[in-house]
Amino acid sequence: PVFVITVGDPQKVGDPLSAHIVYTVQTRTSSQAFSKSSFSVLRRYSDFLWLYDALSANNPGVIVPPVPEKNPFNISRFESEFVETRRLGLNKCVQKIANHPVLNKDQDFRFFLESDSFALDIKHRRQEGSSGGLLASFGSLTAPKFYEIDDWFDNKRAYLDALESQLKGLVKAMDIVSKQRNEFAVAISEFADTIAALSLSDLSKQLTQSLSSLAEVERLYKDMQETQGKDDIITIMGTADEYSRLINSVRLAFNSRIKLYFAWQSADTEARRIKSAQEKARRQGRTTGSMIEIAEAERRAQEAKREFDDVTKLIKMELARFEKERIEDFKVSMEEYLESMIRKQKAVSGPCSRVVEP
């Protein structure tokens, strides 16, 4: 199915104590799973967090696109710059979910996009939720140590650790560059004001015109630095931060495989225990259980192994998808970054040519 989804129109609602931002999520789709082809709903940031958790729980082995962090760059959550950066991140997250061949069919994704009573329905779901059964029990701190049985996963874990370190370094470097641009813009603004004041002095006409033009160029350059600082966050820095968070989603997918491994081992142990107990009882002349009980236990063990094998294959396909999208996203971000710098330099070069020597 085709999805065209936009997250936009952020609005601050609520009193000062409970104020938050709500976004309009507009959807157009050809999917027959929806009651209408076009609809829109209001969602707040915590609703997107719920969607991420739900999709991760529903789809073991799938790398779920991450929601932007609460406040990665220490900006007031109501500042226009932060709101727009978060909106862009949420929009990209939902678009990637919609483009995923597994996630776009998830019932909770459909529920998120079209429910008009979302907050109330979520409350009821949480009250009706269960502990998750056997599989969830292996996510506790008492889980036994896992020894990898596939070298591919060990190699990928080492690769992801190195990639995460590189991405965090890139985010830190771009953050420093963005802040330096803003500091430079303040200095340029002060210089432009000084030159503009000097141009009003009793000087020759030619020198006055030159100083006035120079002040104009400096103000344009100041605006360029401020805008480029914001573009740094939206382009390369934003993409690096997104993939740094996406690595956590990859690790979550890896952990779901580990849980399935322990579920398989537990079912296999139980099947062997039942079979051993019945063989011992037969040797002692006693009758306990039946062949049906053994067959059922072995079926559960085989089913658990099949789930583990399926998720193992799925994760390998998902990581290939991750790599392909990572290369494409960074390529697009770099192109946007360079194109924005070129446009800004051209915007300044015109006025620069009008500055004449006295």
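This is a predicted model: local features need pLDDT of at least 70, side-chain atom pairs count only at pLDDT 80 or more; totals for chains, interfaces and linings use all residues.
Reader: Nice. How far apart are the C-alpha atoms of Ala304 and Ala267?
Author: They are separated by 7.1 Å, with the two residues 37 apart along the chain.

Reader: And is Ala304 buried or exposed?
Author: Ala304 counts as buried because its relative accessible area is 12%, under the 20% cut-off. Ala304 lies in helix H8.

Reader: Switching to the largest nonpolar core: which residues touch the most other members?
Author: Those are Ile63, Val250, Phe254 and Phe322, out of 36 residues in that core. Helices H6 (151–199), H7 (205–283) and H8 (291–352) each supply at least two of its residues.

Reader: Which helix gives the largest share of this core?
Author: H7 does, with 18 residues.

Reader: What is Ile63 in contact with, leaving aside neighbours within four places in sequence?
Author: Its contacts are Leu103, Leu246, Ser249, Val250, Ala253, Glu318, Leu319 and Phe322. Apart from this core there is another one, of 32 residues, including Ile5, Val41, Phe48 and Leu103.

Reader: Okay, helix packing now. At what angle do the axes of H6 and H7 cross?
Author: At roughly 165°, and the axes come within 8 Å. The angle is over 145 degrees, so H6 is roughly antiparallel to H7.

Reader: Is that crossing left-handed or right-handed?
Author: The crossing of H6 and H7 is left-handed.

Note on methods. Residues are numbered from 1 along each chain as its sequence is written. Side-chain values use heavy atoms; hydrogens and water are left out. A nonpolar core is a set of buried Ala, Val, Leu, Ile, Met, Phe, Trp, Tyr and Cys residues joined through side-chain atoms within 4.5 Å. Buried means under 20% relative accessible area, exposed over 50%, partly exposed in between (1.4 Å probe, protein chains only). Helices (H or I, at least four residues) and strands (E, at least two) are DSSP runs, numbered from the N terminus. Contact means heavy atoms within 4.5 Å. Axes are lines fitted to C-alpha atoms, for helices over the stretch in contact, and angles run from 0 to 180 degrees between N-to-C directions. Angles under 35 degrees count as roughly parallel, over 145 as roughly antiparallel, 65 to 115 as roughly perpendicular and the rest as oblique. A crossing is left-handed if the near helix is turned anticlockwise from the far one by less than a right angle, and right-handed if clockwise.
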